[in-house]
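Please read the following walk through the structure with the model open beside the text.

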Amino acid sequence: MATRTMPWYQFAPGTYEIDEFDCSSIFLLVGTERALLLDTGIGIGDLKGLVESITDKPYDVACTHGHMDHVGGSFWFDRIYLNEKDWDAFPFDGEINGRKNYARMIQEREHKHYSYDVDADILPWPKKAERLPLVDGQQFDLGGGRIVTAWACPGHTPGEFVFIDSATRILFSGDAVNNNLGYWTHRGDANFVSVETAGRALRRIVEMGDQYDKVYNFHHDYRGFGSPLADYVLPHALKYCEDLVAGRANIMTLPDPLSGIHGKPTMDVVSDDGKSWVCYNEDGIFD
């Protein structure tokens with residue numbers, strides 16, 4: 001299995017970004033007593049072996065949300081923390097074809113060679129990790145004064161969470177903050193979250209800005225590996241949500257970076273500059 005070739009980078013003391021071959025970013029935070037793994041990727045190779053080659057400390061695993069590119073590797077671990085709202089919305093059990101198709105889409109989009117084989121290294125789940133509820137304000141004490149706090153930020157999914165690390169003053173945002181922020185659900189969907197709700201959640205995170213200096217999302221296609229998102233991404237995401245609710249949104253047509261999933265080359269989005277944007281459905285704006 002192609003485990004050890006996954007790139008990883010220590011970009012701050014005890015703080016590592018693991019690159020799962022452009023499918024997802026995974027973060028490992030190591031304190032003096034414990035460690036915390038944030039997300040598990042799509043599930044390529046032995047993530048558990050890689051984590052334990054970096055640290056010998058006991059660790060917890062917490063997932064930002066229930067999409068397969070964030071919980072797909074959770075089978076390596078005995079238990080994971082995940083907000084209960086995503087348990088039912090995404091009753092994911094490691095379905096292998098979806099995971100393989102996602103990895104193939106990334107390969108085709110990036111036009112790169114990766115040191116793994118989709119069919120050999122993306123395997124069926126041998127077991128399902130026990131899911132423990134992740135709750136708003138939950139803290140993970142890693143020792144040495146390093147406390148990581150989980151905050152609910154529904155929008156991308158009903159159970160989306162972000163994490164603020166007291167040691168590095170980093171906001172780890174999962175998919176709650178991205179350059180290409182997607183609110184694709186329709187009213188009536190099991191996983192529906194309105195843009196109005198998403199905007200309120202982002203507003204709360206923005207108002208916590210005295211607790212963090214940088215934002216790291218969990219895909220590095222719009223930032224450098226080991227580098228934070230541009231400072232404008234979070235305030236722009238909030239603005240675009242609030243513009244949609246207020247009926248003043250500026251609509252642009254841009255290439256769709258997920259055309260391999262959505263099946264169309266372009267998308268209509270809310271953006272002022274084409275550098276970051278919010279995708280939405282007309283029937284999904286209001287609560």
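Proline 91 lies in the loop that runs between helix 3 (85-89) and helix 4, in what is a predicted model. With a relative accessible area of 57%, proline 91 counts as exposed, because the cut-off for that class is over 50%. Tyrosine 183 is 92 residues away from proline 91 along the chain, and the C-alpha atoms of the two are separated by 19 Å.

Helix 4, where that loop ends, also takes part in the largest pocket, to whose lining it gives 3 residues, the largest share. The volume of this pocket is about 580 Å³, and 25 residues line it, with His67, His156, Trp184, Leu258 and Ile261 lying nearest its centre. At least two lining residues come from each of helix 2 (68-71), helix 4 (96-110), strand 12 (180-182) and helix 8 (259-262).

In soluble globular proteins, nonpolar side chains tend to be buried together. The largest nonpolar core in this model has 37 residues, of which Cys23, Leu28, Leu37, Ile44, Leu47 and Tyr116 touch the most other members. Strand 2 (15-19), strand 3 (25-30), strand 4 (35-38), strand 5 (59-62) and strand 6 (79-82), together with helix 1 (47-54) and helix 4, each supply at least two residues of this core. Apart from this core lies another one, of 29 residues, which includes Ala176, Met208, Val233 and Val278.

The last stop is aspartate 243, whose place is in helix 7 (residues 233-246). Is aspartate 243 buried or exposed? Aspartate 243 has a relative accessibility of 4% and therefore counts as buried, the cut-off being under 20%. The side chain of aspartate 243 is joined to that of lysine 239 by a polar contact of 2.6 Å. Beyond residues up to four places away in sequence, aspartate 243 touches Arg248 and Ala249.

Technical notes
Residues are numbered from 1 along each chain as its sequence is written. This is a predicted model: local features need pLDDT of at least 70, side-chain atom pairs count only at pLDDT 80 or more; totals for chains, interfaces and linings use all residues. Side-chain values use heavy atoms; hydrogens and water are left out. On a 1 Å grid over the protein atoms alone, a cavity is a set of points where a 1.4 Å probe fits but cannot get out, and a pocket is an open set with protein on both sides within 12 Å along at least five of seven lines; lining residues have an atom within 4 Å of a point. Grid points are joined across faces, edges and corners, and a volume is the space filled by probe spheres set on the points. Helices (H or I, at least four residues) and strands (E, at least two) are DSSP runs, numbered from the N terminus. Buried means under 20% relative accessible area, exposed over 50%, partly exposed in between (1.4 Å probe, protein chains only). A polar contact is a pair of N or O atoms within 3.5 Å; within protein, one must be able to donate a hydrogen and the other to accept it, and residues adjacent in sequence count only if both atoms are side-chain atoms. Contact means heavy atoms within 4.5 Å. A nonpolar core is a set of buried Ala, Val, Leu, Ile, Met, Phe, Trp, Tyr and Cys residues joined through side-chain atoms within 4.5 Å.
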